[in-house]
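Please open the model in your viewer and keep the sequence panel beside it. The tour below moves from one selection to the next and says what is there at each stop.

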Amino acid sequence: MPVAPRLSLNPRRAVAVGLVGVAAGVALVWGMSRLASTGDVAVRLGDDTFEAGDPTEMSRVIATDGPILYADAAGGRRDIWLQHLGADPNAGWHAFDAHRPGAGRECTLRWQPNAAVFTDPCDDTVVEAHGEGLPGYEVRIEDGALIVDLNAVGN
């Protein structure tokens with residue numbers, strides 16, 4: 001009956017492969033830190049804009065269910081509300097921070113549909129439906145899509 005050949009592990013070879021791997025890792029970390037220290041590296045963890053959907057459909061959803069909260073998927077502080085005010089789906093768009101300046105994520109503004117305002121759950125401060133007083137972002141329509149630009153000041 002045939003027996004599978006036995007692979008023998010050469011300890012010197014295993015140590016050499018391990019040392020080469022460690023050296024490559026150290027060189028990679030060192031090289032990245034040198035490159036980052038020159039200021040020539042721009043860290044981009046996400047897009048500066050995002051497509052929020054079809055303006056007509058989104059305005060219908062907001063009219064029925066209220067403004068839409070977009071939570072920062074990276075766990076950061078860039079949670080925003082998307083709001084539509086008025087009857088024209090091509091106008092009346094607002095995007096703004098979901099927290100008042102200096103407030104933590106536990107203080108995410110809550111939509112109050114009966115009063116048509118937001119309230120801060122931490123201190124009951126009222127914020128108008130268009131987010132007045134909050135950092136806002138530009139909302140535009142391009143090629144039939146609603147675009148929120150997180151770098152452009154809007155509101």
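Two terms come first: a residue is called buried when its relative accessible area is under 20%, exposed when over 50% and partly exposed in between, with a 1.4 Å probe and protein chains only, and strands (E, at least two residues) are DSSP runs numbered from the N terminus. This is a predicted model, in which local features need pLDDT of at least 70, side-chain atom pairs count only at pLDDT 80 or more, and totals for chains, interfaces and linings use all residues. Residues are numbered from 1 along each chain as its sequence is written, and side-chain values use heavy atoms, with hydrogens and water left out.

Begin by selecting strand E3, residues 80-84: five of its five residues are buried, so E3 is largely enclosed by the rest of the structure. Show the side chains, and you will find Ile-80, Leu-82 and His-84 pointing one way while Trp-81 and Gln-83 point the other way. In a regular strand the side chains alternate between the two faces of the sheet.

Finally, select the open sheet of three strands, ordered E5-E6-E7 with antiparallel pairing. Strands E5 (110-112) and E7 (126-128) stand at the edges, each with a single partner strand, so one side of each is left without a neighbour in the sheet. Between E5 and E6 (residues 117-119) there are three bridges, and Gln-112 has Val-117 in E6 as its bridge partner.

Note on methods: Helices (H or I, at least four residues) and strands (E, at least two) are DSSP runs, numbered from the N terminus. Two strands pair if DSSP finds at least two bridges between them.
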